[in-house]
Amino acid sequence: MNIYIVIPAHNEGDYISLMLNSLTQQTLLPKKVVVVNDNSTDNTQQEINKFSKNYNWIESLSILSSKAHIPGSKVVQAFYKGYNTLDEDYDIICKFDADIILPKNYLETIVKIFKKNPKVGIAGGLAYIKNNKEWVYENIASKHHVRGPFKAYRKKCFKDIGGLKSSIGWDTVDILLAKYYGWDIKTDQTLHVKHLKPTGQSYSKKSALLQGEAFYKMRYGIVITVIASLKKSIKQSNILILQNDLKGYFKAKKEKKEPLVTIEEGRFIRKLRWKGIKHAIFN
């Protein structure tokens with residue numbers, strides 16, 4: 001199976017060499033890697049060049065976009081700048097972050113997952129962050145959810161879901177749409193990916209309301225939004241999360257933001273979410 005990888009990178013000079021080195025050490029190498037240098041002002045490009053000169057399957061692309069690190073839209077737009085340079089001769093397309101270190105068997109294991117079960121559309125491992133001297137699970141999502149920093153998509157699934165949405169929430173709506181189209185999601189919990197920068201570390205204060213906007217655009221409805229936001233607030237011991245999510249939700253509703261999914265897809269998503277809520281309550 002041919003693996004193509006796109007890595008958006010904005011001011012990742014401290015991390016990108018670690019990420020690319022982990023790719024060169026894979027037991028199964030990808031066919032093509034495009035690193036998209038998105039308006040970096042540090043030494044990101046110089047670090048990328050060290051690898052692109054020595055590995056003919058690693059390419060570099062420089063683009064100029066906003067300097068603001070707005071979750072969702074910036075990274076997806078950068079992803080597509082790289083994706084659009086690729087041909088269609090791939091079986092698996094990966095969107096990886098520049099601040100991760102993959103275990104050596106990551107790509108080989110992903111291929112095995114896709115080959116073993118043709119119904120798997122999205123696969124990945126688990127994120128671990130450094131806590132003092134130990135690497136611990138980054139406990140911000142279910143261990144059954146494939147996180148945005150290291151996603152692998154089967155080509156047919158990627159096409160079915162219409163690719164990645166240029167919005168915060170893209171790495172949730174892709175899972176939901178994959179399920180809508182009958183695909184399975186698979187996390188391999190033996191694949192420990194080192195996440196060098198904890199999620200949200202570089203987000204601006206302006207992005208605080210965007211999660212609520214994402215809930216609105218995924219057609220969650222207010223009840224599921226409250227439940228999801230309250231759960232997150234309790235988990236992170238921060239009531240401002242609930243407050244900001246609700247502000248963002250109603251702001252998006254007032255401004256009549258364009259949904260990320262159709263009415264039918266939204267109905268499926270709400271049904272799926274309610275099923276998960278009931279399972280959590282009664283099991």
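## The surroundings of H192

In this predicted model, H192 touches I101, P103, L126 and Y128, leaving aside residues up to four places away in sequence; here contact means heavy atoms within 4.5 Å. One of these neighbours, Y128, is also joined to H192 by a polar contact of 3.2 Å between the two side chains. A polar contact is a pair of N or O atoms within 3.5 Å, where, within protein, one must be able to donate a hydrogen and the other to accept it, and where residues adjacent in sequence count only if both atoms are side-chain atoms.

H192 lies in strand β9, and helices (H or I, at least four residues) and strands (E, at least two) are DSSP runs numbered from the N terminus. Because its relative accessibility is 38%, H192 counts as partly exposed, a class that falls between buried (under 20% relative accessible area) and exposed (over 50%), as found with a 1.4 Å probe on protein chains only. Although H192 and Y106 are 86 residues apart in sequence, their C-alpha atoms are 8.8 Å apart in space.

## Two helices and what covers them

Y106 is among the buried residues of helix α4 (residues 106-116), together with L107, T109, I110, V111, I113 and F114. The cover over these buried residues includes strand β9 (184-195), as well as β1 (3-9), α1 (16-24), β4 (92-96), β6 (120-131) and β8 (150-154).

In helix α3 (residues 73-83), the buried residues are K74, V76, A78, F79, G82 and Y83, and their cover includes β1, β2 (32-38), β3 (58-63), β4, α5 (155-160) and α6 (170-180).

## Strands β2 and β3

Strands β2 and β3 run parallel and are joined by 6 bridges, where pairing requires that DSSP finds at least two bridges between two strands. Within this pairing, D38 has I63 in β3 as its bridge partner. With helix α2 (residues 44-52), the two strands make a right-handed β-α-β unit, which means that, with the strands pointing away from the viewer, the path from the first strand over the helix to the second runs clockwise.

## Cysteines

A search of the whole structure finds 0 disulfides, a disulfide being a pair of cysteine sulfur atoms within 2.5 Å. For C94, the nearest cysteine sulfur is that of C157, 12 Å away. C94 is buried, with a relative accessible area of 1%, and C157 is buried as well, with a value of 0%.

## How to read the values

Residues are numbered from 1 along each chain as its sequence is written, and side-chain values use heavy atoms, with hydrogens and water left out. Because this is a predicted model, local features need pLDDT of at least 70 and side-chain atom pairs count only at pLDDT 80 or more, whereas totals for chains, interfaces and linings use all residues.
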